[in-house]
Amino acid sequence: MPKHSPSPLDPRSPLVLDTRDLPRRPGALRTVQRVVPAPADLGVELISVPEGADLDLDLRLESVSEGVLVSGTISGPIKGECSRCLREINDSVVVRIQELYAYENSTTDITADEDEVGRMQGDLIDLEPALRDAVVLTLPTNPLCREDCPGLCPECGVHWDELPADHSHQQVDPRWAALSQLTRKEE
């Protein structure tokens with residue numbers, strides 16, 4: 001089966017790391033700290049990192065025998081809406097990342113499936129797939145504005161926090177309305 005040939009990486013892209021100045025001997029180390037714009041569609045339906053928002057990368061690139069191990073943290077803002085009350089959520093996320101990127105023609109070509117290990121293109125590493133996986137898997141699928149959010153009244157749609165304690169939408173069947181009058185007379 002022929003190997004998939006990825007499209008060439010642009011070394012000027014903010015999420016492409018250039019490892020030319022990292023020696024290819026195990027133990028060689030370089031740190032990368034930079035702020036990059038968030039790519040589009042980085043999130044789930046109700047919460048995500050806004051496109052173009054600043055993502056802080058604090059990474060460590062370490063040469064290992066088969067490639068480069070990238071580890072560190074990525075942090076940035078998240079925006080969305082509460083799944084119970086639809087109020088706006090503005091928060092931040094910090095995710096840890098650790099991913100091995102194999103050198104071209106390394107033994108991982110034989111010992112690992114194509115999607116098990118990240119692949120380098122020459123001296124370039126595409127960080128976006130690993131970043132996307134880490135951030136999206138960290139975000140809640142049902143975000144809440146606060147843990148004890150009561151949500152909305154299903155009848156009138158007003159936030160439960162804004163309604164009086166005795167709020168109700170009890171509707172009496174017109175056939176039984178006369179009986180409810182009897183209980184009021186006894187009181």
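These legends go with a set of close-up views of one predicted protein model.

**Figure 1. The whole chain, from one end to the other.** Let's start with the parts list: the protein has 9 strands and 3 helices. Starting at the N terminus, they come in the order β-β-β-β-β-β-β-α-β-β-α-α. Of the 187 residues, 33% are buried. Now take the contacts with a separation of 6 or more: 58% of them are made by residues 24 or more positions apart.

**Figure 2. How confident is the prediction, and where?** The average pLDDT of the protein is 84, and 86% of the residues score at least 70.

Figure 3. Is S63 buried or exposed? With a relative accessible area of 1%, S63 is buried, because buried means under 20%. Leaving aside residues up to four places away in sequence, S63 touches L22, P23, R24, R25, P26, G27, A28 and Y103.

**Figure 4. A nonpolar patch on the surface.** Here W176, L179 and L182 form a nonpolar patch, and together they have about 330 Å² of accessible area. One of them, L179, belongs to helix α3 (residues 177-186). L179 has a relative accessibility of 44%, so it counts as partly exposed.

**Figure 5. D41, a loop residue with a positive phi.** Look in the loop between β2 (29-37) and β3 (42-43) to spot D41. Its phi is positive, about 55 degrees, even though D41 is not a glycine. That's worth a second look, because most residues other than glycine have a negative phi. D41 is also exposed, with a relative accessible area of 69%.

**Figure 6. L86, in the loop between β6 and β7.** This view moves to the loop that lies between β6 (67-81) and β7 (88-102), where L86 is found. What is the phi of L86 near? The value is near 70 degrees, which is positive in a residue other than glycine. L86 has a relative accessibility of 52%, so it counts as exposed.

Key:
Residues numbered from 1 in each chain as written. Predicted model: local features only at pLDDT ≥ 70, side-chain atom pairs only at ≥ 80, totals over all residues. Heavy atoms only, no water. Helix = DSSP H or I, 4+ residues; strand = E, 2+ residues; numbered from the N terminus. Buried < 20%, exposed > 50% of the residue type's maximum accessible area, 1.4 Å probe, protein only. Contact = heavy atoms within 4.5 Å. Patch = residues over 30% accessible without salt bridge, like charges linked within 9 Å, V, L, I, M, F, W, Y side chains within 5 Å. Areas by Shrake-Rupley, 256 points an atom, 1.4 Å probe, with all protein chains shown as cover. Salt bridge = Lys/Arg side-chain N within 4 Å of Asp/Glu carboxyl O. pLDDT = per-residue confidence, 0-100.
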